[in-house]
Amino acid sequence: MARLRGAALLLAAPAAAAFLALVVAAAVLAAAGADPGTTLLDALAYGLRPETLVAVVNKAIPYYLAGIAAAVGFHLRLFNIGIDGQYRLAAFATAVVGAGVALPAPLHLALIAGVALVAGAAWAAIAGLLYVRRGVNVVISTIMLNAVATGLIAWLLSPERLGRLAPGSNNVTTATIAESGWIPAIPTPAGDLNGLVLLAALAGAGYGFVLNRTTIGFEARTMGFSERAATVAGIRGPRLAFLAMAASGAIAGLVGLPQLLGSSHRFGLDFPAGLAFTGLSVAILGRNHPVGVAVGAFVWAFLERSAQVLDLSGVSKEIVTILQAVIVLSIVVAYELVRRARTRQERRAVARAVEGTMA
Amino acid sequence: MSTPVSISTRLAGPVVRVVLGFAVLSLLSGAFEAPDLFSRGGISATLRFAAPILLAGLGALWAERSGVINLGLEGMMIAGTWFGAWAAIEWGIGPGLVAGIGAGVAFGLLLGLLTVTFGVDQAISGLSLGLLAAGLTRFLSSVTFAGVPGGSITTSPPVPDIATVSMPGAEALIGPAEAAGIPVLSDAAAVVLGLVTDVSLLTIGVVALVPATWYVLWRTRLGLRIRAVGEAPEAADSLGVRPWRYRYLALAVSGGLAGLGGFYLVTVASSLYREGQTAGRGFIGLATVIFGNWNPWSVTLGSLIFGFTDALRTRQEVTVGVLLAGLGLLFAWLALRRGLACDWRGGLLFGIPAIVMLVWFWVERIVPSELVSFAPHLTTLVVLALARQRLRPPAALGTPFDRG
Amino acid sequence: MHPRRLIALAIAAGLGLSACLGTTGSGSGTTPPTPPINSVAVAYDISGRGDGGFNDIAYNGAKQAADELGLELIEVTAKLDDTDDDRAERLRLLAERGYDAIIAVGFTYAVPMQTVAAEFPLVRFAIVDDGTVTGPNVRGILFAEHEGSFLVGAAAGLWTQTDQVGFIGAVQIPLIQKFEAGFAAGARQANPDVEVQATYLSQPPDYSGFGDPPHGREAALGMYDNGVDVIFAAAGGSGAGVHEAAAASGSWSIGVDADEYRLAPEAVRDHILTSMLKNANVGTYEFLVSVANMTFTPGVVTYGLANGGVGYATSGGFVDDIAAELDAYAAGIVAGEITVPETP
């Protein structure tokens, strides 16, 4: 009975968030002069078509990887806003190295993955080192490092250095990776699914395994649960924080691969900034759980995809950003309220039990 | 500590260092033809670049002194830019000022609701507010600015100006020294003139907020209570100071300051609202609080350093090369000191970057504009990494207070 | 309920929904639409229409054609941080919803359009500022910005009193560097003693330089303080700041894309020497008319001085005295006697 109520409470949070988001969406649409009912149904119908769903999953893959990267940091209360710079720098390095060598496919892909992991980890390690050795707040240092990464890439990606400019094109890119370094798409009746979905699944599984089945994962969870307890138990906080930053960066290094290996095969001006906030939000939605983050990434991508239709009905699709913020905020509030409700429930149960023994 | 002697000794060190650093940079700029390093225009641009960061920094200071990390500053600034611009266009500067501050206060109170009342993680709440502000403002632009001439979904029509003033007599008194071309002295005159001529009224107001913040937080009972809540909320609570009340208050002030920073951006630093205008200034303000050791005077210094670098790279890229040389000399000096103290690791830590910077400057003389673009951020990072030893954040920073 | 079954149910519900709402029109039908086109969609990059510059000009051409031909016109705008996939989905959605002609404004749509154009062979596509998209149904609309920039560079070279002219670019990308290359070449051609200072407001993928007037203003003030007296602002919305700075320091600026003398506030317009005109409207208009007349031909069309795609503005009358020289340069470029570099 108590267990059932617990499960109901757990589901109550997302349900409440979804409901609130729906109400806000309807209100904003009405304020913009659109009919909320038909507009939302139209967006939903578009979003749920098989073709769109495949596109949603494709879009969710980098979000998921960014979410896992953020989740790794979250366990130690490290907010890795540098996912942005780490992923772009890693994608850039990967594209340059990947296009510079000719290798048989398995070796080529292994090299590419290796470069991505190392480049992301190395860039994040700077922030990790500054945090551990000099106490520099990770949010601040990673934001600054993002700006540095942007400048470095811009400098290296000029046609005089590592960039290429096709005639008639205005998009400066790196050289193209040879076909041995491509990952083929998975054909489905509703369109091509990016093959890197398997990489995302692998990263998620690896994250779950390390977190739940290894000593270091245990240490991280302990540290996240209670810093004092962890220190008393002899866990070395700084070492753990540094490793978490590096690991977060390594996973962030993978974020660009779906686009790089699955579609564009070169790094260019079209690798967007701003994935760090998406990653953090998605990790929050998924409560750092490998499956939960996947759901979060899917929801995020679904909202953004289905919002495309709004433009056609003359509504700014930026209401999606409002919705995303509302969902994150209401879900964290709801989780907190649920936690309090549970604590109260437990207290009452204990009190009852105690009363029972007294009587 | 309170005797005049000890105060002057305490001040002597930094003053000597600042004067020395200024003289070295001034000579370098003369030698390598980078006249803009200390020019009147450059200094007045520094003020304009520093003021919004200073406001964000002061906002962060209020919040952090009460124990809340305000990662929502960026969002509050965004709200300040949009609502400030919108109201200023509709009704004029005064209402714009009120709306900008008001929007910031509203977001501050929302952050209070989340972190104080609901006890949600401070970082998550703050970052989500940034998301909310970005979405909200673009949506609002689409229903207001998008249809008007000169406006679009990302831009507002022009916002009215704020008047500028000059200190009477300054030009006549110091102007000749600026024009005389004497090494160091003329640069010093230019700095003074940059600070006192053609200054926006709003800038003066912003500068006044620094002593005001210091006075309220350190010299009034209210400030004492806010700081107490940031250090030891349980203890404060047991003495009848209700933490939640003071945290709400501090967050409202924090948001108001950030909102004012947004209003500054749309009026003084430019003359319209533009999406993405805040460009991370809220976060940079947060950084100034950390290396400013949670004290308003150092926060001011931090924002000036950032504003100065930002102004330089925007106005004349060649000056960044000179700045690099100056930084190289500073590092070389630090390396030398470490080396003399037989701290080889420290010597290398400073020595290698010093050599890289000086060699680069010697060979290239200029820094490519792509690399110049992150000069302010790199400066912030270096200052943060060097300045840490004496820092002490409020003890209860980041921890929610559970009323039980 | 089992989660997998839940997802299946959701998909089924979605299918049902889309079935009852139905999809309006179909671009991938088998018969060509008659009359040739009914509707046109314009997809902008993030800054959208209302930028007082390039997007507005591209729109004007499409709007003019739509009015004359009686077409339904819709506009969509990219979101900040869109990926290629997002842009492809946007174009795909427009094609699916039955728009017969789709114009993408900005080279960021190049790769997405390559994919989507192949999926909808009966829809006609045009992309402004890119010449890499190929296909039997795609028109690339390119501009010889360097040629127009050469002329305003020559104007600056002739006009300057201090022999120092400046260039402020929005973002350091090849497209904007084309403006710089032409400007510098023109200035040097007209005035061998001239010194050209150049700067960019932001680095990709940070495109804030297109819309950051305060940055533009400070960069311009820095140049004016250091002896420059004419600045060419190839900086989109940031140009407003450059013109302000010109007025504040009593110097001159040069506008871009549109005739900025006509758009600028009264107080600053008398400091705008001329503007480099990039007549994107010609490109979009001609594309739509060709589709409607069934005379559409695929491939790249470059609009330069020769066919009125670029030029310089004479509003304000400041360049009247040197117009003869500028026109001579223009004739030289058209005749191939002067070659203008495309990279700085």
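Chain A and chain B bury about 3700 Å² between them, and 78% of that area lies on carbon and sulfur atoms; buried area here is the accessible area (1.4 Å probe) that two parts lose on being put together, summed over both. This is a predicted model, in which local features need pLDDT of at least 70 and side-chain atom pairs count only at pLDDT 80 or more, while totals for chains, interfaces and linings use all residues. Residues are numbered from 1 along each chain as its sequence is written, chains are lettered from A and ligands numbered from 1 in the order in which they are written, and side-chain values use heavy atoms, with hydrogens and water left out.

**Where chain A meets chain B**

- The contact, meaning heavy atoms within 4.5 Å, takes 43 residues from chain A and 43 residues from chain B.
- On the chain A side, A:Arg134, A:Met144 and A:Leu329 lose the most area to chain B, together 18% of what that side buries.
- There is 1 salt bridge between chain A and chain B, where a salt bridge is a side-chain nitrogen of Lys or Arg within 4 Å of a carboxyl oxygen of Asp or Glu.
- A:Arg77 forms a salt bridge with B:Asp121, and their closest N and O atoms are 2.7 Å apart.
- Helix 5 (105-134), helix 6 (138-156), helix 12 (275-285) and helix 15 (319-358) of chain A are the elements that give two or more residues to the side touching chain B; helices (H or I, at least four residues) and strands (E, at least two) are DSSP runs, numbered from the N terminus.
- Helix 15 of chain A gives the most to this side, with 13 residues.
- By class, the side of chain A that touches chain B divides into 29 nonpolar, 8 polar and 6 charged residues, where Ala, Val, Leu, Ile, Met, Phe, Trp, Tyr, Cys and Pro count as nonpolar, Asp, Glu, Lys and Arg as charged, and the others, Gly among them, as polar.

**Where chain C meets chain A**

- Chain C and chain A bury about 3400 Å² between them, with 60% of it on carbon and sulfur atoms, and the contact takes 38 residues from chain C and 37 residues from chain A.
- The rule finds 4 salt bridges across the interface of chain C and chain A.
- Helix 1 (3-21), strand 2 (72-77), helix 3 (84-96) and helix 6 (174-190) of chain C each supply at least two residues of the side that touches chain A, and helix 3 of chain C gives the most, with 8 residues.
- That side of chain C has 18 nonpolar, 7 polar and 13 charged residues.
- C:Glu96 forms a salt bridge with A:Arg49, the closest N and O atoms being 3.1 Å apart; C:Glu96 lies in helix 3 of chain C and A:Arg49 in the loop between helix 2 (36-47) and helix 3 (50-74) of chain A, so the pair joins two chains.
- C:Glu96 counts as partly exposed at 23% relative accessibility, while A:Arg49 counts as buried at 13%, given that buried means under 20% relative accessible area, exposed over 50%, and partly exposed in between (1.4 Å probe, protein chains only).
- The side chains of C:Asp86 and A:Arg305 also meet in a salt bridge (2.8 Å, N to O).

**Salt bridges within a chain**

- Over all chains, the structure holds 29 salt bridges.
- In chain C, the side chains of C:Glu145 and C:Lys278 meet in a salt bridge (2.8 Å, N to O), and this pair links helix 5 (residues 145-159) with strand 10 (residues 272-278) of chain C, 133 residues apart.
- C:Glu145 is buried, and so is C:Lys278.
- In chain B, B:Arg65 forms a salt bridge with B:Glu231, the closest N and O atoms being 3.6 Å apart, and the pair links helix 2 (residues 40-65) with helix 9 (residues 221-231) of chain B, 166 residues apart.

**Inside chain C**

- The secondary structure of chain C comes to 12 helices and 12 strands, and of its 344 residues 61% count as buried.
- Among contacts in chain C between residues at least 6 apart in sequence, 68% join residues at least 24 apart.
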